[in-house]
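Subject: Structure for you to look at

Hello,

Here is the structure I said I would pass on. My notes on what was found in it follow below.

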Amino acid sequence: MIYVLLTDGFEDIEALEPVDILRRAEIDVKTVGISGKNAVSSHGVTVVCDILIDELDSSDMTMLFLPGGPGHVDLDSSEKVHALIRYAHENDIYIAAICASPSIIGKMGLLKDKQYTCFPGFEEKVVGGTYTGEKAVLDGKILTGRGAGAASDFGFKIVEIFRGKILADDLRRQMQY
């Protein structure tokens, strides 16, 4: 199961475009409310989350996904979020972060000696990684994305990880990407 962590201020496109792509690929994904069942995006779109963070079953987690936007501050200040990140890292589970959110895992030292991307300016918060500036970068079990304009590439990369490049390419064609 891919768990997408949502809190007020999440970036709409960075969270919902990959979720849409993953569901088209029939990959199990759930949105997770950090501070309540509803999360209001940075552009005022209310999403009713599938589950709350306390209902998340880490035993079936295949990827932990942190979207960016102003809400990344709340993700970063949540001990429950940090505990999930540590759990994923310690159990060799994929971690995906886009836009400002790679700074969260970067401050935790998880990007040390890895290539990554993020929204320009947030690379200053990363400890010991190599910033590439690419749209989506997979290094080991960590996937990072640059920002809203890279959300499709980010989502298709997740499909490649779990279902292969052929299906990801088929979806790109179907979606006119």
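The largest nonpolar core has 28 residues, and the members that touch the most others in it are Ile2, Leu6 and Val159. A nonpolar core here is a set of buried Ala, Val, Leu, Ile, Met, Phe, Trp, Tyr and Cys residues joined through side-chain atoms within 4.5 Å. Buried means under 20% relative accessible area, exposed means over 50%, and partly exposed is in between (1.4 Å probe, protein chains only). Two or more residues of this core come from each of strand 1 (2–6), helix 1 (12–24), strand 6 (63–66), strand 7 (94–98), helix 5 (151–163) and helix 6 (165–174). These elements are DSSP runs numbered from the N terminus: helices are H or I with at least four residues, strands are E with at least two. Another core, of 27 residues, lies apart from this one and includes Leu84, Ala97, Ile105 and Leu110.

Before going on, note that this is a predicted model, in which local features need pLDDT of at least 70 and side-chain atom pairs count only at pLDDT 80 or more, while totals for chains, interfaces and linings use all residues. Residues are numbered from 1 along each chain as its sequence is written, and side-chain values use heavy atoms, with hydrogens and water left out.

What is Ile2 in contact with, leaving aside its neighbours within four places in sequence? The residues are Leu22, Ile27, Asp28, Val29, Lys30, Thr62, Met63, Phe65, Ile158 and Phe162. Contact means heavy atoms within 4.5 Å.

Next, the charges. The whole structure has 13 salt bridges, each a side-chain nitrogen of Lys or Arg within 4 Å of a carboxyl oxygen of Asp or Glu. One of them joins Asp92 and Lys141, with the closest N and O atoms 3.8 Å apart. Asp92 is in the loop between helix 3 (79–90) and strand 7, and Lys141 is in the loop between strand 10 (136–139) and strand 11 (142–145), so this pair ties together parts that are 49 residues apart in sequence. Lys141 is partly exposed, at 29% relative accessibility. The charged end of Lys141 also sits over the ring of Tyr94, 4.6 Å from the ring centre. That description applies if NZ of Lys or CZ of Arg is within 6 Å of the ring centre and within 35 degrees of the ring normal. As for the backbone of Asp92, its phi is near 60 degrees, a positive value in a residue other than glycine.

A second salt bridge is formed by Asp153 and Lys135, where the closest N and O atoms are 3.8 Å apart. This pair links distant parts of the chain, 18 residues apart: Asp153 is in helix 5, and Lys135 is in the loop between strand 9 (130–131) and strand 10. Asp153 is buried, with a relative accessible area of 19%, whereas Lys135 is partly exposed at 37%.

Helix 6 holds a further pair. Asp169 and Lys165 form a salt bridge with closest N and O atoms 3.2 Å apart; both lie in helix 6, four residues apart, about one turn of the helix. Asp169 is partly exposed, with a relative accessible area of 22%. Through shared partners, salt bridges join Lys157, Glu160, Lys165, Asp169 and Arg172 into one network.

Is Arg172 buried or exposed? Arg172 is buried, with a relative accessible area of 18%, and lies in helix 6. Its side chain makes polar contacts with the side chains of Asp169 at 2.6 Å and Glu160 at 3.1 Å. A polar contact is a pair of N or O atoms within 3.5 Å; within protein, one must be able to donate a hydrogen and the other to accept it, and residues adjacent in sequence count only if both atoms are side-chain atoms. Ile166 is also found in helix 6, but is exposed, with a relative accessible area of 69%.

Two residues remain. Gly106 is in helix 4 and is buried at 0% relative accessibility. Not counting residues up to four places away in sequence, Gly106 touches Leu111, Lys125, Val126 and Val127. Asp113 is in the loop between helix 4 (102–107) and strand 8 (115–116). Asp113 is exposed, with a relative accessible area of 66%, and has a positive phi of about 65 degrees although it is not a glycine.

Regards
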